[in-house]
Structures are given as structure tokens and as C-alpha cells.
Amino acid sequence: MVSYKELGLVNTREMFAKAIKGGYAIPAFNFNNMEQLQAIIKASAETKSPVILQVSKGARNYANQTLLRYMAQGAVEYAKELGWEHPQICLHLDHGDSFELCKSCVDFGFSSVMIDASSLPYEENIALTKKVVDYAHQYDVTVEAELGVLAGVEDEVSSAVSHYTKPEEVVDFATRSGCDSLAISIGTSHGAYKFTPEQCTRDPKTGRLVPPPLAFDVLDAVMEQLPGFPIVLHGSSSVPQEYVDMINKYGGKLPDAVGIPEEQLRKAAKSAVCKINIDSDSRLAFTAAVRKVFAEKPAEFDPRKYCGPARDLMTELYKHKIINVLGSDGKAE
Ligand code: G3H
Ligand code: 13P
Ligand code: ZN
């Protein structure tokens, strides 16, 4: 058993309380490798932003759980070395799909876990979430749950609406499960294709896809039911068109990739949404930078020469999100 407290990590309780009060959101950035972690920590340290390092089941398998734990511990030390006196870093399991996985993460030094039982029937979602909460809370590890199903690009707008979180369920769910935060579905989805072209309109000037707005009425109704309760938004990448263009220019193929417009995320961050999940944007930045080096310098074979520029572009992206979208800069001196 390794306690996250020994690693210098924090859980999400205080972070979220402050974020809701202050009208900003905590960035939850996924990482799979050293360059991503370096970029996240550098951006967070330079902006003095609290940060959630997210690890998916896939990332845990990819990077090895023991190595990950030491990477997170190393991240705290690296942050201090960069001059961040009191780093507020949370290590979080993203989309945990079983009690066993959540328990293993709690036992391995994570300070927060998500149990995503949103695909199960309502009562089973509550029961599994409660089981994880009962275990995690013994160690002061916070738990995120999910209610509602994130839309997939295969959905028609009409059927996507039917997966939105039902505001009339949230009080019962949060009370009986005991979760510390709740991920809701209001129209975001994972990946770089959040909407089909049919769900969008096209900007006549640029020819770019303009996605439909998020269901802020659902968010408002949830907040009315659960005043001051921490809400989480998954699938919140914006899919910056400059990265998509770079990827396509240098040999990639990402036609009609589209994300959540930043002004909508800015609006969400000012509400009870206090955790915003971003993964795809970092993948796009990494890929764009690597493709550019490969296209322009085909003789290059030192990974530092293409992972380095990828790391720089991701750092720039994370800082932009922190300062211009989430507003979490300066909140962890
Ligand atoms: O929610 C999904 C995250 O972007 C993690 O994705 O399962 O491919 O690591 P992954
Ligand atoms: P994106 O695919 O929009 O980056 O969402 C990431 C996410 O929700 C991780 O849980
Ligand atoms: Zn997610």
C-alpha cells in the first residue's frame, strides 16, 4: 500500500471547492509518456495552476503502473525544481471500469479515481460507485462517477439528446453513491470527431464545420438540483484547426475533425464545472509537431529531435488552456 500523501500528491476535494468558489476549472490532462508529463508540469508550474494528471486503463497498461507512480512522484519534484513552491498535483484514474482497477490504483498511490459505470443500469451504477467510494474514502482518495452517456459520432442529434444526464436523477445518485464529483453528459464526446458533418453547419467564409452548442440547459438544471456540487466535463478537447491543418499538410488524414469551441468551455469553467478533461488536443499537437519534423527533415532519426518539438507544442497548448480557457492560472502559488 502506497499513500499518495507520501508522494506529495493531493486529492481533488479542496481543488474543486476553490474552483467552484472562484469560477474557474481545474485542467485534467491525460498522459502516457514522459514528454506529455514534462509538458503538463512545465505549463502548470509556469502558470501556478493546480493540475490533475489523468491515467486511463490503456495508459496504465502502456506505461506500467509502477513506473507511472514514480513518474507522478517525479513530477512533484520536477515542479518544485521549476520554482513552484507548493505544487498541487492530483494523480487520477480516468474511466476506471471495475472495482478491482480502482482499488489497485488507490493501493498504488493515486489520489483520485473515476469509476465509470455509466453504461450500467442506474441501480448498478449506484451500487458499483458506492463500493468504490466506500473503499477509496478510507484512504482519503476522492471518487468521480458518471451519469448519462457521452454522445458518440455515430449518434444522430436526436438520439444523442436522449443520452444526456437526467437532472431529476442527480440528487438521488450523488446522495446514495457518495461520489465526490459527477461527470455529466451535455453533448461532449471523446476523440477528434465529436460531431458528424450532418450535425454541424459550415462557416461560409472558412468552410469549417461549426458544431451545435452544448446543452447548457441540462447543466443549469443539474446545478439547480445539486448546488455547489463538483461537476466534470469529459470530451472537452477543442480540436484546434491549426493542428489538424498541420497534420493534414504533412501527410496525415484527419478530414472534418471537430471539437468543442473554446468559448463554450470558458462559459462552463465559470460554473460548477470544476474539472475539464483534455486528451485529444495534446495528441493532435504531438502528432502535428512530429509529422512536421518528419516531412521537413526526412534524414532525422534522433527521437529527441522530433519529441522535443512535440513537447514544446504541447507545453504551449497546456498553457493556453490554463490561461485562456480554464482560468486556473495563479490558483496554486
Ligand atoms: O477518455 C478517454 C481518454 O482520452 C483516454 O483514452 O483510453 O485511449 O487512453 P485511452
Ligand atoms: P477528449 O477526447 O475530448 O480530449 O476527452 C478526454 C477525456 O474525456 C478523458 O477522459
Ligand atoms: Zn473521458
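1. The shell around ligand 2 consists, by class, of one nonpolar, ten polar and two charged residues, where Ala, Val, Leu, Ile, Met, Phe, Trp, Tyr, Cys and Pro count as nonpolar, Asp, Glu, Lys and Arg as charged, and the others, Gly among them, as polar. Of the 13 residues around this ligand, those that come nearest are His234, Ser237, Asn277, Asp279 and Ser280, a residue being near a molecule or strand if its C-beta atom, placed from the backbone, lies within 6 Å of it. Strand 3 (89-96) and strand 10 (273-278) are the elements that give two or more residues to the shell around ligand 2; helices (H or I, at least four residues) and strands (E, at least two) are DSSP runs, numbered from the N terminus.

2. A word on the basis of these remarks: this is a predicted model, in which local features need pLDDT of at least 70 and side-chain atom pairs count only at pLDDT 80 or more, while totals for chains, interfaces and linings use all residues. Residues are numbered from 1 along each chain as its sequence is written, and chains are lettered from A and ligands numbered from 1 in the order in which they are written.

3. Around ligand 1 stand Asn30, Ser56, Gly58, Ala59, Asp94, His95, His190 and Asp279. Helix 3 (57-63) and strand 3 are the elements that give two or more residues to the shell around ligand 1. By class, the residues of this shell divide into one nonpolar, five polar and two charged. Asp279 is listed around ligand 1 and is also one of the residues that come nearest to ligand 2.

4. As for the chain as a whole, it has 13 helices and ten strands, and its C-alpha atoms fill a box of roughly 60 × 50 × 35 Å, taken along the principal axes. The radius of gyration of the chain is 19 Å, which agrees with the value near 20 Å that a compact globule of 333 residues would have; this radius is taken over C-alpha atoms, and the globule rule is 2.2 Å times the number of residues to the power 0.38. Buried residues make up 49% of the 333 residues, a residue being buried if 20 or more other C-beta atoms lie within 10 Å of its own, exposed if 12 or fewer, and partly exposed in between, with C-beta atoms placed from the backbone. Of the contacts in the chain with a separation of 6 or more, 75% are between residues 24 or more positions apart, two residues being in contact if their C-beta atoms, placed from the backbone, lie within 7 Å.

5. Strand 5 (residues 142-147) pairs in the parallel sense with strand 6 over four bridges, and strand 4 (residues 112-115) and strand 5 also pair in the parallel sense over four bridges; two strands pair if DSSP finds at least two bridges between them. Six of the six residues of strand 5 are buried, with Thr142, Glu144 and Glu146 on one side and Val143, Ala145 and Leu147 on the other. In a regular strand the side chains alternate between the two faces of the sheet.

6. Glu144, in strand 5, counts as buried because it has 30 C-beta neighbours inside 10 Å. Met114 stands opposite Glu144, and the C-alpha atoms of these two residues, 30 residues apart along the chain, are separated by 4.4 Å. In strand 6, the bridge partner of Glu144 is Ser181. Leaving aside neighbours within four places in sequence, the contacts of Glu144 include Cys179, Asp180 and Val232.

7. In strand 6 (residues 181-184), Ser181 and Ala183 point one way and Leu182 and Ile184 the other, and all are buried. Two bridges join strand 6 to strand 9 (residues 231-233), which run parallel, and Val232 in strand 9 is the bridge partner of Ala183.

8. Helix 1 (residues 13-22) has Met15, Phe16, Ala19 and Ile20 as its buried residues. Seen down the axis of helix 1, these fall within an arc of 120°, so they line one face of the helix, the arc being that of the directions from the helix axis to the C-beta atoms. The face turned away from the buried side carries the exposed residues Glu14 and Lys21. Among the elements that cover the buried residues of helix 1 are strand 1 (26-30), strand 3, strand 6 and strand 10.
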